[in-house]
Amino acid sequence: GGWGDAVMHVVLTPGGTGVALTGSGVWRSTDDGLTWSEVTVPDSGGTLNKVVMIDDDRGFIVGGDGGDDGGDDDDTDDWKAAATPSDGVILATTDGGASWTTVRSGIAANLSDAFFFTSTRGVIVGEDAGGAVIYTTDDGGETLETASLPTDGEGRSIGYVSAVDAPCGNQAW
């Protein structure tokens, strides 16, 4: 198996810019998704999980070593066993996804999602060897501050955070 050209995540901005993450790479559209062209991105060493566009020009991709390890046929996600302490990556664009630069790599986590309030202030979530992680940043991902993790009614921490959103504009969920 393998992901091949499966679309993992796609985002379109109101101005018509689109960025798609596929099993074979990153693709960009400038015409509301009618046509797409492949974009070269820095080698992340892992899977690119989520793209976030703040506006037509500025955006981020987060990732890590996620997904199936390919070593068995039971379709389980064994990435934790194969993950190394340098799998996480944050990429950024300032030209609508035409080019991407590495903001930060070597993060000891599989980063699964992000929400950016501005081009510098955001929340990034995922999982490391100890369980769920939530990071905040005030400098576009160059510095990550660990946020406190919620616990359930019995005091247990959550094992994985896969998504983050801020529908109210100033609080992330």
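In this predicted model, the backbone nitrogen of Val51 lies 3.3 Å from a polar atom of the side chain of His9. His9 itself belongs to strand S1, which covers residues 7–12. Apart from neighbours within four places in sequence, His9 is in contact with Val19, Ala20, Leu21, Asn49, Lys50 and Val51.

The sheet may be considered next. Four strands make up an open sheet, arranged in the order S5-S6-S7-S8, and their pairing is antiparallel. In general, strands of a sheet pair through backbone hydrogen bonds, in either a parallel or an antiparallel manner. Strand S7, residues 88–93, pairs with S8 in the antiparallel sense over five bridges. Within this part of the structure, Ala92 stands opposite Thr101 in S8.

Is Val26 buried or exposed? The relative accessible area of Val26 is 2%, and because buried means under 20%, Val26 counts as buried. When neighbours within four places in sequence are set aside, the residues in contact with Val26 are Val19, Ala20, Leu21, Ser37, Glu38, Val39, Val41, Leu48, Ile61 and Trp100. Val26 may also be viewed in relation to Gly97: the two are 71 residues apart in sequence, and their C-alpha atoms are 9.0 Å apart in space.

Key
Residues are numbered from 1 along each chain as its sequence is written. This is a predicted model: local features need pLDDT of at least 70, side-chain atom pairs count only at pLDDT 80 or more; totals for chains, interfaces and linings use all residues. Side-chain values use heavy atoms; hydrogens and water are left out. Two strands pair if DSSP finds at least two bridges between them. Helices (H or I, at least four residues) and strands (E, at least two) are DSSP runs, numbered from the N terminus. Buried means under 20% relative accessible area, exposed over 50%, partly exposed in between (1.4 Å probe, protein chains only). Contact means heavy atoms within 4.5 Å. A polar contact is a pair of N or O atoms within 3.5 Å; within protein, one must be able to donate a hydrogen and the other to accept it, and residues adjacent in sequence count only if both atoms are side-chain atoms.
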